Structures are given as C-alpha cells and as structure tokens.
Amino acid sequence: DGLVNCTPIGMVGYDGTPLPQPLMAGAAWAFDAVYTPLQTTFLTDAAASGLTVLSGYELFFFQGVDAFRLFTGHEADQADMRTSIATVSLGGTLQEKLEAAAAAGFAGVEIFEADVLAFDGTPAEIGRMVADLGLEIVAFQPFRDFEGMPEPQRARAFERAKRKFALMHELGAGHELVCSNISPVSLGGIYRAATDLHELGDIADGFGVEVGYEALAWGRHVSD
C-alpha cells in the first residue's frame with residue numbers, strides 16, 4: 001500500500017504536510033503531486049520512515065512527455081528533456097530555484113525574465129551563481145508582443161529587443177525565446193511576421209544571440 005498527496009499542502013506558499021509522520025507506518029511508498037519544491041516535508045517524512053518516495057516532478061515531467069506526443073505525433077527524447085528545466089516551473093527565490101535544479105541533477109536552466117527582475121543583484125551575478133552551481137543557461141524567456149506590430153509600437157519592440165540582448169550578454173545567455181504576439185494591436189500576415197523575425201535575427205546575431213520562436217496557441221495571428 002502507498003500514500004498519495006494530491007493536496008496543495010507542502011507547495012510554496014502552503015507550508016506543512018497533509019499527514020503526520022507517525023501515521024505513515026505500514027505504507028510501502030509515497031508520492032507527492034507537489035513539485036515546487038521538489039523535496040517536500042511529506043516526502044522527507046516518508047523517506048525517514050523507510051518508504052520509497054516519488055517526487056511530483058515525475059508527474060510534471062511525464063505530462064510534458066505525453067503533451068509532446070499528442071501535439072506532434074512523435075515520441076519525445078526523455079533523456080534530452082531531463083537535462084534542463086525552466087525557472088518558471090519552480091517555486092521560491094531565483095537562488096532557491098537554481099539550487100533545486102542543481103540538486104535534482106539538471107545540467108541547464110531556462111531563465112524566466114521575472115526571476116531576473118525580482119533578483120536583488122546584477123545579471124552578471126546571476127550568471128556567476130548559475131556557473132558556480134555547475135549549471136548552464138540554455139535560454140532566456142519570454143520576449144512578448146514583438147512581431148507584426150504597427151508603428152510606433154514596431155520601433156519600440158526593436159528597441160526592447162536590443163536592451164534585452166544586452167542584458168542577455170551580461171547574463172551569459174545565448175538563446176532567446178520569442179512568444180507569438182498576443183497584443184490586440186498586432187497586425188496579421190505571415191510575410192509581415194517573417195520580415196520582423198528575420199530582422200530580429202540579424203540584430204540578435206550582432207549580440208551573439210540566437211532566437212527561437214514559440215507559436216502560442218492563443219497568439220493573435222499565429223494561424224496565418
């Protein structure tokens with residue numbers, strides 16, 4: 001018999017455990033659906049009681065594996081998927097997220113912009129912290145509402161891009177993820193979007209940055 005925690009208790013912001021350790025006696029294993037943090041009080045108590053434990057990260061990971069198959073019709077390379085994790089998928093401060101990623105055996109992290117903005121330090125300090133933990137920054141994201149904008153928003157978007165690429169250079173990140181535009185003022189047309197992304201790529205090249213495009217299903221004109 002096993003124990004399963006399907007409550008939010010133990011998640012960041014919901015401290016505690018749903019089951020006192022003495023009541024775990026007699027169970028063989030324990031699974032916690034919570035994955036932020038990776039190691040919860042529930043799992044720590046279960047391991048201390050001699051139970052085999054399974055982290056909620058496995059649930060988080062395999063829903064991605066299944067989603068990849070359902071959306072693409074292909075099987076995901078699970079070994080490659082396990083090499084990095086996005087900081088937006090973890091709870092806590094940026095330092096806590098990076099330490100958790102390193103402790104879980106990840107080789108790389110995808111840094112979320114909000115984590116950089118909330119960090120009380122410089123991008124260069126983040127880069128050093130990542131390196132000291134034996135991690136690599138595989139991407140910086142997101143860059144929102146870029147392609148297909150009318151003027152003067154288009155010019156502002158390119159200025160934003162230059163500032164972001166300069167920040168990435170200080171951070172030590174070489175890949176930027178651009179999300180499809182969801183702005184209500186964006187204009188449609190595949191040629192317009194392709195032209196903007198081509199120009200963005202040329203600018204990124206000058207900073208030593210590569211750009212990837214994420215076609216959000218809810219993007220305004222992603223079906224064009």
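**Helix packing, pockets and backbone geometry**

The axes of helix 7 (residues 153-171) and helix 8 (residues 190-206) come within 10 Å and cross at roughly 30°. The model is predicted, and local features need pLDDT of at least 70, side-chain atom pairs count only at pLDDT 80 or more, and totals for chains, interfaces and linings use all residues. Residues are numbered from 1 along each chain as its sequence is written, and side-chain values use heavy atoms, with hydrogens and water left out. Helices (H or I, at least four residues) and strands (E, at least two) are DSSP runs, numbered from the N terminus. Axes are lines fitted to C-alpha atoms, for helices over the stretch in contact, and angles run from 0 to 180 degrees between N-to-C directions.

The axes of helix 7 and helix 8 cross at roughly 30°. That makes helix 7 roughly parallel to helix 8 (angles under 35 degrees count as roughly parallel, over 145 as roughly antiparallel, 65 to 115 as roughly perpendicular and the rest as oblique). Their crossing is right-handed, the near helix being turned clockwise from the far one by less than a right angle. On the helix 7 side, Arg154, Phe158, Ala161, Lys162 and Phe165 meet Asp196, Glu199, Leu200, Ile203 and Ala204 of helix 8; contact means heavy atoms within 4.5 Å. This contact has six nonpolar, no polar and four charged residues. Ala, Val, Leu, Ile, Met, Phe, Trp, Tyr, Cys and Pro count as nonpolar, Asp, Glu, Lys and Arg as charged, and the others, Gly among them, as polar.

Helix 4 (residues 94-103) and helix 6 (residues 123-132) have axes that come within 10 Å and cross at roughly 25°. Helix 4 is therefore roughly parallel to helix 6. The crossing of helix 4 with helix 6 is right-handed. Leu94, Gln95 and Leu98 in helix 4 meet Ile126, Met129 and Val130 in helix 6. Five nonpolar residues and one polar residue make up this contact, with no charged residues.

Grid points are joined across faces, edges and corners, and a volume is the space filled by probe spheres set on the points. The largest pocket has a volume of about 350 Å³. It is lined by 14 residues, and the closest to its centre are Phe60, Met81, Ser84, Ile85 and Ala86. Helix 2 (57-72), helix 3 (78-81) and strand 4 (84-86) each supply at least two lining residues. The largest share, five residues, comes from helix 2. The lining divides into seven nonpolar, five polar and two charged residues.

The second largest pocket has a volume of about 280 Å³. Of its 13 lining residues, Glu110, Gln141, Leu177, Cys179 and Glu214 are the closest to the centre. Strand 5 (108-112), strand 6 (136-143) and strand 7 (175-179) give two or more residues each to this lining. Eight of the lining residues are nonpolar, two polar and three charged.

The peptide bond from Gln141 to Pro142 is cis, with omega near 0°. Pro142 lies in strand 6. Glu151 and Pro152 are also joined by a cis peptide bond, with omega about 10°. Pro152 is found in the loop between strand 6 and helix 7. Asp145 is placed in the loop between strand 6 and helix 7. Asp145 has a positive phi of about 50° although it is not a glycine.

Technical notes. 1 Å grid on protein atoms, 1.4 Å probe; cavity = no way out; pocket = protein on both sides within 12 Å on 5 of 7 lines; lining within 4 Å.
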